[in-house]
Amino acid sequence: MTNMRAVGCTEFGDPSVLGIVTVPKPSLGPGQVLVKVAAATVNPTDLGFRQGMRALPPGLEPPYIPGMDLAGVIESAGPDVPRWRAGDRVMAAVSPWVPGGGAQAEYRVVAEDQLATVPDGWALTDAATLPMNGLTVRAALDMLALPAGATLAVTGSAGIVGQYAIQLGTHEGLTVIGDAAPADVPLIESFGARHVVERGPGMAAAVRGLYPSGVDAVIDAALLGPAAVGAVRNGGQLLAVRPYQGPAEDGKAERGITVHLVMVGQHLHEGSRIAGLAGLVTDGVLTLRVAEVLPAARAAAAHRRLEAGGVRGRLVLSF
């Protein structure tokens with residue numbers, strides 16, 4: 001049996017539990033391709049995975065391999081997968097909560113419907129930053145279903161989810177209000193935000209200063225939870241990227257506000273949507289941001305840097 005290298009841990013804890021592990025190279029199953037991974041991102045989800053914050057499903061054994069975003073080159077494809085062939089450059093979002101683990105490995109078996117082609121001219125390290133966060137924002141905006149001209153406030157605007165929410169929302173005709181520390185205001189404005197308010201617990205009051213009745217919806221990428229609800233009009237919507245921590249009954253918070261939870265794990269087989277998002281990058285609607293590319297052996301350092309905050313763009317591990 002051939003082995004491969006991967007980022008992994010045998011127990012959960014602080015970044016020091018991460019290292020390079022040797023595991024069997026995966027084998028193809030029906031409807032799958034084998035991708036030789038060139039780049040995999042480090043996301044906030046990976047921090048929670050490493051800390052063991054989610055119960056493990058049956059059949060998942062150590063070492064545990066994190067990672068949800070990957071880009072690479074197809075090594076081989078099964079005979080039942082005529083669309084894809086060896087040598088194709090691809091990207092995908094995958095789950096680490098399955099046997100065999102996540103994206104941060106030299107090779108990853110991926111279902112054919114999870115894949116999107118990496119456009120010519122893109123670096124694979126750039127491509128790896130798009131799938132998971134892009135799918136998250138696409139699903140979020142679909143859940144909100146706001147009409148053109150509606151008002152949308154975004155928390156965590158300097159992060160990738162916040163950035164994509166501003167860029168994609170603006171592209172779809174929404175009036176978008178971002179949040180930022182003073183030093184990041186020009187950055188958030190460059191994404192297309194109509195207004196930028198100071199980030200933090202005063203964000204809701206600042207939004208009300210612009211829109212006294214509140215905005216139609218908030219995408220809460222900063223995990224403010226109940227602190228963001230005050231920005232929403234009566235009967236509006238709050239979209240959370242983590243389970244909402246405030247009082248809610250039958251999906252409603254105070255003042256009849258509908259609370260949505262977007263779970264990207266339900267959208268991992270939407271490779272066609274990743275392809276659509278890639279087209280928007282090519283058209284200049286979305287922009288890819290890499291903070292730094294590090295060798296996979298420095299995964300622990302990437303986790304420490306992300307935990308420390310202030311990362312602008314996505315950290316990428318190379319294989």
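Arg255 is partly exposed, with a relative accessible area of 32%. On this scale, buried means under 20% relative accessible area, exposed means over 50%, and partly exposed lies in between (1.4 Å probe, protein chains only). The model is predicted, so local features need pLDDT of at least 70 and side-chain atom pairs count only at pLDDT 80 or more, while totals for chains, interfaces and linings use all residues. Residues are numbered from 1 along each chain as its sequence is written, and side-chain values use heavy atoms, with hydrogens and water left out.

**Backbone points**

- Arg255 sits in the loop between β12 and β13. Helices (H or I, at least four residues) and strands (E, at least two) are DSSP runs, numbered from the N terminus.
- Phi of Arg255 is near 60°, a positive value in a residue other than glycine.
- Ala145 also has a positive phi, near 50°, and is a residue other than glycine. The loop between α3 and β8 (151-155) holds Ala145. At 57% relative accessibility, Ala145 counts as exposed.
- Pro62 and Pro63 are joined by a cis peptide bond, with omega about 0°. Pro63 is in the loop between α1 and β4 (69-77).

**Nonpolar cores**

- A nonpolar core is a set of buried Ala, Val, Leu, Ile, Met, Phe, Trp, Tyr and Cys residues joined through side-chain atoms within 4.5 Å.
- The largest core has 69 residues. Those with the most contacts inside it are Met91, Trp122, Leu130, Leu152, Ile219 and Leu286.
- Helix α3 (residues 131-144) gives the largest share of this core, 7 residues.
- Another core, of 18 residues, lies apart from the largest one. Among its residues are Ile177, Met203, Val229 and Ala231.
- Leu152 touches several residues beyond four places away in sequence, including Leu141, Ala165, Val176 and Ile219. Here, contact means heavy atoms within 4.5 Å.

**Paired strands**

- Strands β11 (residues 215-220) and β12 (residues 232-240) run parallel and are joined by 5 bridges. Two strands pair if DSSP finds at least two bridges between them.
- Ile219 stands opposite Leu239 in β12.
- Strand β12 also runs parallel to β13 (residues 258-261), with 4 bridges between them.
- Across that pairing, Ala240 stands opposite Leu261 in β13.

**Pockets**

- Rolling a probe the size of a water molecule over the atoms shows where empty space is left.
- The search uses a 1 Å grid over the protein atoms alone. A pocket is an open set of points with protein on both sides within 12 Å along at least five of seven lines, whereas a cavity is a set of points where a 1.4 Å probe fits but cannot get out. Lining residues have an atom within 4 Å of a point.
- The largest pocket holds about 1500 Å³ of space. Grid points are joined across faces, edges and corners, and a volume is the space filled by probe spheres set on the points.
- Its lining has 49 residues, of which Pro44, Thr45, Leu223, Val241 and Arg242 lie nearest the centre.
- The largest share of that lining, 5 residues, comes from α1.
- By class, the lining of the largest pocket has 25 nonpolar, 16 polar and 8 charged residues. Ala, Val, Leu, Ile, Met, Phe, Trp, Tyr, Cys and Pro count as nonpolar, Asp, Glu, Lys and Arg as charged, and the others, Gly among them, as polar.
- The second largest pocket has a volume of about 280 Å³. It is lined by 19 residues, with Ile65, Val98, Pro99, Gly100 and Gly101 nearest its centre.

**Single residues**

- Is Asn133 buried or exposed? Asn133 is buried, with a relative accessible area of 4%. This residue is in helix α3. Leaving aside neighbours within four places in sequence, Asn133 is in contact with Asn43, Ile160, Val161, Tyr164 and Arg314.
- Phe191 lies in the loop between α5 (185-190) and β10 (195-198). Phe191 is buried, with a relative accessible area of 7%. Not counting residues up to four places away, Phe191 touches Ser157, Gln163, Ile166, Gln167 and Arg289.
- Gly209 lies in helix α6 (residues 203-210). At 62% relative accessibility, Gly209 counts as exposed.
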